[in-house]
Amino acid sequence: MVPTKKRRYIFVLMDNFTMLSFAGAVDALRIANRMVPDSYEWLLAGEGGDTISCSSGISYKLDMDLDEVLRDDTIILCGGTHVQEATTKRLLNWLRREARRGVVIGALCTAPYALARAGLLDGKRATIHWENQDSFTEEFEDVELTKSVFVVDGNRMTTAGGTSSIDLMLKIIASDLGEDVASMVADQQIYSSIRTDQDQQRLSIPTRIGVRHPKLSRVIQMMEINVEEPISPSLLAKEVGMSTRQLERLFRRYLNRSPKRYYMEIRLQKARNLLMQTDMSVINVALACGFASPSHFSKCYRAHYDTTPYRERGAQATRTP
């Protein structure tokens, strides 16, 4: 199937954008043009319209500034590291203006943060890179955040980063040109397993921890879900039909740590993400991660990361350009 009109994509590159997500998306369109010539075209846009660097330090020459696009264009916002700083007032105003004109807007990797800041994901389903999910959930309560590799909700599209941009583009290509063409594009990219919006972005718990034990996986899943209000080891054990002592032995055998220690590491990792990715106060971060007092939180954080939450927040501010 040949589209009645060539579709144009405007890739908006944010400062420190992730090259993999951008390259995967644009290359899928390039290969589709080999199969069905003149199906797609694209331009690179960004603030200033000159050059911009990705997170690996490579610079790209831009084709345009944040100018008005055509109504039937598709904007693809490409994010990466330090997305909060890259989400400028000018970018937000431009996104809102183009959204009011009815332009379809997508966001790759961490860029869904910018769409949410602009209010363009309110009441919609969306996804973002798993490392940014904790901070996103705290900041944007009106967005239905999922853990899918990509989400299409009306005229908004979001992906989780990495190769998930390929999955989104293959879905678009299949809709425009047919499943056979999308499959040929995937073959050209040596992409043997095309994911859908039902697939999760993170590896399963057994794969992540390298252990296939259903009860252990279930307990870890409960820990990850219940961070703000931690569940006691005795209740965790009861939920999977074990004694507390059996649960202790299970964790020692497979993870070389106690359930309490493992749970603490999960909570501290979330705390670190919130400290580095949000402006939440240290007290609120502590509460969000299940710590009753800032002093206890600070003590546990220092023991694990060899620095205090306050110094972590200060060091992050120093690193921010």
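Which residue lies over the face of F291? R267 does, at 4.2 Å from the ring centre. The model is predicted, so local features need pLDDT of at least 70, side-chain atom pairs count only at pLDDT 80 or more, and totals for chains, interfaces and linings use all residues. Residues are numbered from 1 along each chain as its sequence is written, and side-chain values use heavy atoms, with hydrogens and water left out.

**Charges over rings**
- A charge sits over a ring if NZ of Lys or CZ of Arg is within 6 Å of the ring centre and within 35 degrees of the ring normal.
- R272 also lies over a ring face, that of Y305, at 5.3 Å from the ring centre.

**Aromatic pairs**
- Rings of Phe, Tyr and Trp (its six-membered ring) pair if their centres lie within 6.5 Å; planes under 30 degrees apart count as stacked, over 60 as edge-to-face and the rest as tilted.
- The count by this rule is 12 aromatic pairs.
- F11 and F22 form an edge-to-face pair, 5.6 Å centre to centre with 80 degrees between the planes.
- Because F11 lies in strand β1 (residues 7-13) and F22 in helix α1 (residues 19-35), this pair ties together parts that are 11 residues apart in sequence.
- One aromatic cluster is formed by Y9, F11, F17, F22, Y40 and Y60.

**Helix α9**
- Helices (H or I, at least four residues) and strands (E, at least two) are DSSP runs, numbered from the N terminus.
- In α9, the buried residues include L216, V219 and M223.

Key:
Buried < 20%, exposed > 50% of the residue type's maximum accessible area, 1.4 Å probe, protein only.
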